Amino acid sequence: MSNNRLNGAAQEGNIDLLYTLIQEDPNILDYTDSTPFVDTPLHIAATFGHLHFATEIMRLKPSFAWKLNQQGFTPIHLALQHGHNRIVLHFVDINKDLVRVKGREGITPLHFVTQIGKVDLLVHFLLLCPDSIKDVNVRSETVLHIAVRNQQYEAVQVLNGWLKINDEKGAMYLEETVLNWKDDAGNTILHVSVLTNNLQCTRNSGILLTGKS
């Protein structure tokens, strides 16, 4: 019954009720924390877009931000899916490493925003957590594979520019590694471009100027 009321508080974004429930049972958040694959109050608040409630829960239970629910999503994945970008930005500003949290099929928030073409968030994530560009999903696809496969050429341009900036800072190894990374099928981004008939568009984005097949 207490968990139902807690979930109701999260759905309504009711911070006063949250603390009433904590006063009644100081361990109420611990029960959820110890249960695997469950929608925590943070998942629910992220889904409904309750920024202040989500912030309060993040302060009380930072571990909730890393938990997967039964569908394989963390709170930040749910906020992204429902278009609650203010919550997304708030999450990563509290903890930049959430840019790299892996959900279902190894998809990170960086992968997700690239897939749907949210370039503003892509840039913010890269600035906040540069190493996130190295992360791959369960198919061993980089963020560039995802951008090319989904024909998100503005994202391709941003990623290519980011790699070139890092190259200028002496990180040529990173550029070479990401550009030439092979997924589980043995495909580089050049191969993916050919397979999806997107070679010319990818060339126009400049991504193949330094890449090798």
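**Close-up views of a predicted model**

Residues are numbered from 1 along each chain as its sequence is written, and side-chain values use heavy atoms, with hydrogens and water left out.

**View 1. Surroundings of Leu 68.** Leu 68 lies in the loop between α5 and α6 (75-81); helices (H or I, at least four residues) and strands (E, at least two) are DSSP runs, numbered from the N terminus. Leaving aside neighbours within four places in sequence, Leu 68 is in contact (heavy atoms within 4.5 Å) with Phe 37, Val 38, His 43, Phe 73, Thr 74, Lys 102 and Gly 103. His 43 is 25 residues away from Leu 68 along the chain, and the C-alpha atoms of the two are separated by 9.0 Å.

**View 2. Packing of helix α4 with helix α5.** Two packed helices are described by the angle between their axes and the distance between the axes. For α4 (residues 41-48) and α5 (residues 51-60), the angle is about 155 degrees and the axes are 9 Å apart. Axes are lines fitted to C-alpha atoms, for helices over the stretch in contact, and angles run from 0 to 180 degrees between N-to-C directions. α4 and α5 are therefore roughly antiparallel to each other; angles under 35 degrees count as roughly parallel, over 145 as roughly antiparallel, 65 to 115 as roughly perpendicular and the rest as oblique. The contact is made by Pro 41, Leu 42 and Ala 45 of α4, together with Phe 53, Ala 54, Ile 57 and Met 58 of α5. By class, these residues are seven nonpolar, no polar and no charged. Here Ala, Val, Leu, Ile, Met, Phe, Trp, Tyr, Cys and Pro count as nonpolar, Asp, Glu, Lys and Arg as charged, and the others, Gly among them, as polar.

**View 3. Packing of helix α2 with α5.** Helix α2 (residues 15-24) packs with α5 at an angle of about 30 degrees, with the axes 10 Å apart. The two helices are therefore roughly parallel to each other. On the α2 side, Ile 15, Leu 18, Tyr 19 and Ile 22 meet His 52, Phe 53, Glu 56, Ile 57, Arg 59 and Leu 60 of α5. This contact has seven nonpolar, one polar and two charged residues.

**View 4. The largest nonpolar core.** A nonpolar core is a set of buried Ala, Val, Leu, Ile, Met, Phe, Trp, Tyr and Cys residues joined through side-chain atoms within 4.5 Å. Of the 53 residues in the largest one, Leu 42, Phe 91, Phe 125 and Leu 159 touch the most other members. Helix α11 (residues 153-168) supplies the largest share of this core, six residues. Not counting residues up to four places away in sequence, Phe 91 touches Leu 42, Ala 46, Ala 54, Met 58, Pro 75, Ile 76 and Leu 98.

**View 5. Helix α8 and Gly 117.** Six of the eight residues of α8 (residues 109-116) are buried: Pro 109, Leu 110, His 111, Phe 112, Val 113 and Thr 114. Just after α8, Gly 117 takes a positive phi of about 80 degrees.

Conventions
Predicted model: local features only at pLDDT ≥ 70, side-chain atom pairs only at ≥ 80, totals over all residues. Buried < 20%, exposed > 50% of the residue type's maximum accessible area, 1.4 Å probe, protein only.
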